[in-house]
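Here is a short briefing for a reader who is meeting this structure for the first time. Please look at the sequence and the model before going on to the notes.

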Amino acid sequence: MTNETSNSTDTSTDNDDQPVIKCDGVYKIFGENTEEMMAKSNGNIDVEKFEDAGCIFGVNNASLEVHKGEMLIVMGLSGSGKSTLLRCISRLTNTTAGSIFIDGEDLLAMDAKELTQLRRNKMGMVFQSFALLPHKTVLENIAFPLQVKGTSTQDSMKRAMDMINLVGLTGRENYFPRQLSGGQQQRVGIARSLAVEPDIWFLDEPFSALDPLIRKEMQDEFLRLQEMLNKTILFVTHDFDEALRLADRIAIMKDGVIEQCDTPANIVLHPATEYVAKFTNDVPREKVLTCGNIMEEVGTTSDFSEIKVPRDAVIETVAEAVLNEPKSVAVIDDNDDTIGVLNRKSIIHILFGKDDSETLSTNQAAGE
Amino acid sequence: MNHLTGHLARHPKLVQFAALLAVFFVLYFSIDPSENNILWRLPAFLAAVPEMLNNSVEFIMFEWLPIETYNVEIEDYETSALMIEITRAISRSVLFCIEFIREILIGGQKTIVAFTSWDFVSENKWARWPALPWTVVAGVAITLGYALSGRWLAILVGCATSYIAVFGQWEPAMETLSFVLIAAPLSVVLGVFLGVVAFKSQKFETVLMPLLNVAQTMPHFSYLVPVTVFFGVGDHAGAIATVIFATPPMIRLTLLGLKGVSPEVLEAGMMNGCNKVQLMFKVLIPTARHDILVGVNQVIMQCLAMAVIASFIGAKGLGFNLLLALNQLRIGQALELGICIVLIAVVLEKLSLGWANKQIDYFADLSFVERHKYPLIMGGILVAGVVLASIGGLIFKDGINYFYLIPHNKGLTTELFWQSGVDWIVDNCYSSLQVFNVGLIVNVLVPMKNAYLGMPVVATFVLVMGIAYIVGGLRSALVVGGLLLFIASTEWWDRALITAYMSTFGVIISATIGLISGSLCAQNKFATKGILLVCDTFQTFPSFIYLIPVIMLFGVTDTSVLIAVIIYATIPATRYTVEGLSNVPQSLQDAGTMSGVSRFQRWIQIELPLAFPHIMLGINQTVVFALFMVIIGAMIGTDDLGQLILKSLSDEFGIGNGLMLGLCVAFIGLAVDQILRTWANERKKALGVA
């Protein structure tokens, strides 16, 4: 199992001592015999024995951490347990075993009242099918979490109106959900989830029900919002491209197990399992990797080109410039210090090269 | 021949059916009809049950758990049974509510009496609540209609109230209204409550469901007997019977709606921080609103359908007058009263719908007058109405103030017109109608009735259980057999056969008409909409209304009952046919068209097979509707179970008989329901359209 998060948390710039969300060995097991088997197992869960007893693993020993302001995307195909994991963390479903901490507090030990308070103040969630209340207008839907909390009608309506402006639905506040397009409905869902100013934002396949064009538009919108709001985000999707596009870190799940949890670049460069590699093979790497990811050691060369590229720049954006430059190009960090070099060869390798493993197998096939 | 055997091998059920029919006819003709032959008629094992029921009800009412109560009249404590005190308390509070609303509408003294005494009221002549002028009630209702849903509803309400007032039915209409305004909200609240409990608790649902099945197939009349025993006679008894009758569909639809709420909406509610109460009242129930509103609609329809039936146990109002008019064969008056009932039903339904769909504007910056516009208008109407009424007092000298209250039967009436119409029909068509009538009775009805009555009990069991077995397997066969066994063990098997014969006849004709007209209308979008509207309208009419025109034409005979049954029971058959056919996926229709089918081929080969399971559910409804109508037909004289139920109503110890008879009717319905529903579900599964 390769579900450790090891050397990959370097992107989280905050060095807060505790993660906002922390899951430790979380299990969600379905089936009639689950309780009986759990009682027998004394905490040591043997997957085979459980499966023989007719149990099904929704989530199998998942551990992850999300830090403040970070966006972790859980990616997996249908049935991989990604939504189940999200539901465990939001406690919409009960976790079979393991522990979950929100801001250091034990989520699973909370009683109904504490949980309600937590949700009213700290959590917001967006759903795949929007889950708007059909009998309420856009405005009322967005104000709903505030009203449930006991905010006065006047204040909650004012706040809801702000949210409507934020997500760009101005003028449609008195529409009913059924009168809106899918994209607009999801804007309402987003506005509603943000109405209480939560710290933690859960998104369960928020854009999967939308057309490709609208989806792209909503992703941009989402990035814009996140730039402004800087929430701690747990985002679930089955779309690997979407994950690459949005995530700080990606956790790839299969059959309830987290196969790999790392930054997009590391996942593309070093897929941990064959399953992960299947996703990364067709990824346009120049769109994912940054100069910092592929730069070489500075070494002895001192003959640099005049242009310099920042470490965080995506290859795609600098490729043409580097290719037109006969000399090596310096890669600089935030302080303008040179930390590595890029040359034509490395760019061409990213653009047209194949993975070593793959090249090898093609050669073998040709040899036979 | 080869072709035939191949065909039969592909449809093993056809062979089974043929074999079953063969066995049935062998039994039919070989069993000797004699009273002592157990194969001919089962002995009435359950004959003693009604008596036992009577005794146990008596015990519960009058002897069980005696408590000490203080009697104001004799100023002393006395012992009385717990149950009778409870039912008395319920009766009193329901009656108080009804009287209260009634007196707001048409004035009276009983509310004041409730707080003081009869002596006080008779000593003080002023102690009488004045009636609101009819103009005020109408004006307020119109304003309400406008406030809730806009101009068109206001116009509808205006027409309805004017009709009622102008035709001189104001007082009975308000009496009926006061009774519906109590019974309907009570049923809705009770239904939603029980629906929510059933949604929360699987166990409760398992217990409740069979009870609902029985309750919804019991004929209206059989509720009346137990209600009179427990609650006596009067408006409150009528309201309570109505509540008992109207609540089951409300429960069912609430449960259906709650179960249909998408899990994501539920999760959204939880994530928005709803506690359990908020989750139920702010998320689940409003989201399930569509089905719940259908339930409210059903409740209002049931309440008005019960208006007539409740008048048997003392409910005043339009229903009572309608019953009287029917008994006196005053067709015109009955028709006018029937229209009043329909109008009240439509208005109440539209108002409740408008109320549920009301939208609030949070940002409109309104002045005090604008915000309280409608209450102010209603206040104005009150003042204007009172002024108008006092002016009316000066204008009309003959003691009748038409601006205040148009007394009963002092309004317009079209009775003469209808009466002359009836006379004209009788004069001109009597002989041909009579020929048809007699021909039908002699050539069809009597032979059919005799054929049913000539069935040995064993043959009936074999036939019905056999069909259930072929359609739904052993379990269905046992359920149906159990239901039949109950009926066969009472002393009313022959009566049940007559009920069955009338319903069968009605169902066959209704289903045929429904299937044909439904299929024709489904061919065209415009016609589809039209026929659904017609079905809606006809369903609004209380079942009693259908008796009016048929008595007019055919007099008091079996033919009248059957024609009323056919009209009433054709509605669901037509509706479900249209719905089933228009729900056939467009892609399949297109596929058919591209394969080059003609319109008729498409109907036979694509549409009908796919829609048939749904149509079968319609036939199922048709059976229940037909049974209800056959029982109501007892009003105009039949000799089946209905007549006995009617008789038990006027019997002091009728509760046992009434209940058992009601169960017999319910069980006929449930047996058919079991077979048809199982079949429809199997087919739906097989076609993948479940």
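Residues are numbered from 1 along each chain as its sequence is written, and chains are lettered from A and ligands numbered from 1 in the order in which they are written.

**Confidence in chain A**

- The mean pLDDT of chain A is 83, and 90% of its residues reach 70 or more, where pLDDT is the predictor's confidence in each residue, from 0 to 100.
- Residues 1-15 of chain A stay under 50 in pLDDT, and the model has 26 contacts for them beyond four places in sequence; two residues are in contact if their C-beta atoms, placed from the backbone, lie within 7 Å.
- Residues 357-368 of chain A also have pLDDT below 50, and this stretch has 1 contact in the model beyond near neighbours in sequence.
- Where pLDDT is low, the predicted coordinates should not be read in detail.

**A sheet in chain A**

- In chain A, 3 strands form an open sheet with mixed pairing, in the order S11-S12-S13; strands (E, at least two residues) and helices (H or I, at least four) are DSSP runs, numbered from the N terminus, and two strands pair if DSSP finds at least two bridges between them.
- Strand S11 (304-310) and strand S13 (338-342) of chain A each have a single partner strand, so one side of each is left without a neighbour in the sheet.
- Strand S12 (residues 328-332) of chain A pairs with S13(A) in the antiparallel sense over 4 bridges, and Val331(A) stands opposite Gly340(A) in S13(A).

**Domains of chain B**

- Chain B is assigned domain 1 (81-131), domain 2 (175-317) and domain 3 (430-456 + 494-653), with bounds that come from an automatic or database domain assignment.
- The C-alpha centres of domain 1 of chain B and domain 2 of chain B are 27 Å apart, and 10 residues of domain 1 of chain B are in contact with 14 residues of domain 2 of chain B.

**Where chain B touches chain A**

- On the chain B side, 19 residues are in contact with 21 residues of chain A.
- Helix H13 (263-271) and helix H14 (276-287) of chain B are the elements that give two or more residues to this side, and the largest share, 6 residues, comes from H13(B).

Methods:
This is a predicted model: local features need pLDDT of at least 70, side-chain atom pairs count only at pLDDT 80 or more; totals for chains, interfaces and linings use all residues.
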